[in-house]
Amino acid sequence: MDSPEVVEIRSQSDIVLVRQKVRALAVQLGFSLVEQTKIVTAASELARNTFDHGKGGTATLEILDRDQQRGLRLIFEDQGAGIANVELALQDGYTTGKGLGLGLGGAKRLMSEFEITSEVGKGTQVKVIRWLH
Amino acid sequence: MERIPILKMGQFLLVTIQVDMHDRLALTLQDDLTNRIVKTGARGVLIDISSLEIVDSFIGRVLGNISTVAQILDAQTVVVGMQPAVAITLVELGLSLTGVRTALNVDAGMALLQHSIGLPPGENSDHGQS
């Protein structure tokens, strides 16, 4: 397995950088154009959450091999304020910021697997995977 | 400062987004378009997104805001050229771009704008119908 790539998210330009790096990996893995678009869109939403709500953090990109399946895993981590009510945050239309409140729920729909852990005052970690069929 | 160029053609403003926009650039475009509508009295705005590889919720919101503000300033907005993969992803994301008019390509978009301000197809002059 290739070693994971870590991208710092410290500015808006880094969100663009995350999109580009995720796109390159998705292409390398052989995802279809529609799948690439879904993965990159999910990555963009999550990277923006990390920057806007988490006050910056990291994105870790890696190719995953599990049970004879290949996939792309993205982990977004921040040490920001955390999310008090994760279930509420996942609901479409719920937002504490100025967005549309589609980021988390939308990213969940666009990926195969979605896992979020968050602690108030400590930060948030979101892990998503998209498997190649 | 980085900016997306806005072209004026007759009574319309044309924008082609050809870069992977960071969020502030999208907001700058929104402000620039608003100012240009007021300054030129444009009746329509055509935004070509055929080069955009993704539209996420932020860009979607900006497109919606541009349409709404333009409407208030008596200008119609049409977004053209969305890639199929982008359209499929938008639906799954849960973004319906309510209030944003779309057309398949620039030709169809121009025809829509001309129709919306009561011009016969192909006519787009600065000097009215006289």
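Predicted model: local features only at pLDDT ≥ 70, side-chain atom pairs only at ≥ 80, totals over all residues.

Trainee: Okay, what do the buried residues of H1(A) pack against?
Mentor: They pack against four elements of chain A: strand S1 (5-9), helix H2 (33-52), strand S2 (57-66) and strand S3 (69-78).

Trainee: And which residues of H1(A) are buried?
Mentor: Asp14(A), Ile15(A), Val18(A), Arg19(A), Val22(A), Leu25(A) and Ala26(A). Looking down the axis of H1(A), you find these buried residues within an arc of 150 degrees, so they line one face of the helix.

Trainee: Which residues are exposed on the other side of H1(A)?
Mentor: Val27(A) and Gln28(A) are exposed there.

Trainee: How far does H1(A) reach from its first C-alpha to its last?
Mentor: H1(A), residues 12-29, spans 26 Å with its 18 residues, close to the 26 Å expected at 1.5 Å a residue. Just after the helix, Gly30(A) has a positive phi of about 90 degrees.

Trainee: Switching to chain B, at what angle do H1 and H2 pack?
Mentor: At about 10 degrees, with the axes of H1 (residues 23-40) and H2 (residues 57-72) 10 Å apart. Angles under 35 degrees count as roughly parallel, and H1(B) and H2(B) are therefore roughly parallel to each other.

Trainee: Which residues make that contact?
Mentor: H1(B) contributes residues including Leu27(B), Gln30(B) and Ile37(B), and among those from H2(B) are Phe58(B), Val62(B) and Asn65(B). By type, the contact of H1(B) with H2(B) has 10 nonpolar residues, three polar and one charged.

Conventions:
Residues numbered from 1 in each chain as written. Chains lettered and ligands numbered in written order. Axes fitted to C-alpha atoms, helices over the stretch in contact; angles between N-to-C directions. Helix = DSSP H or I, 4+ residues; strand = E, 2+ residues; numbered from the N terminus. Parallel < 35°, antiparallel > 145°, perpendicular 65-115°, else oblique. Contact = placed C-beta atoms within 7 Å. Nonpolar A, V, L, I, M, F, W, Y, C, P; charged D, E, K, R; others polar. Expected span 1.5 Å × (residues − 1). Buried ≥ 20, exposed ≤ 12 C-beta atoms within 10 Å, placed from the backbone. Arc of directions from axis to C-beta.
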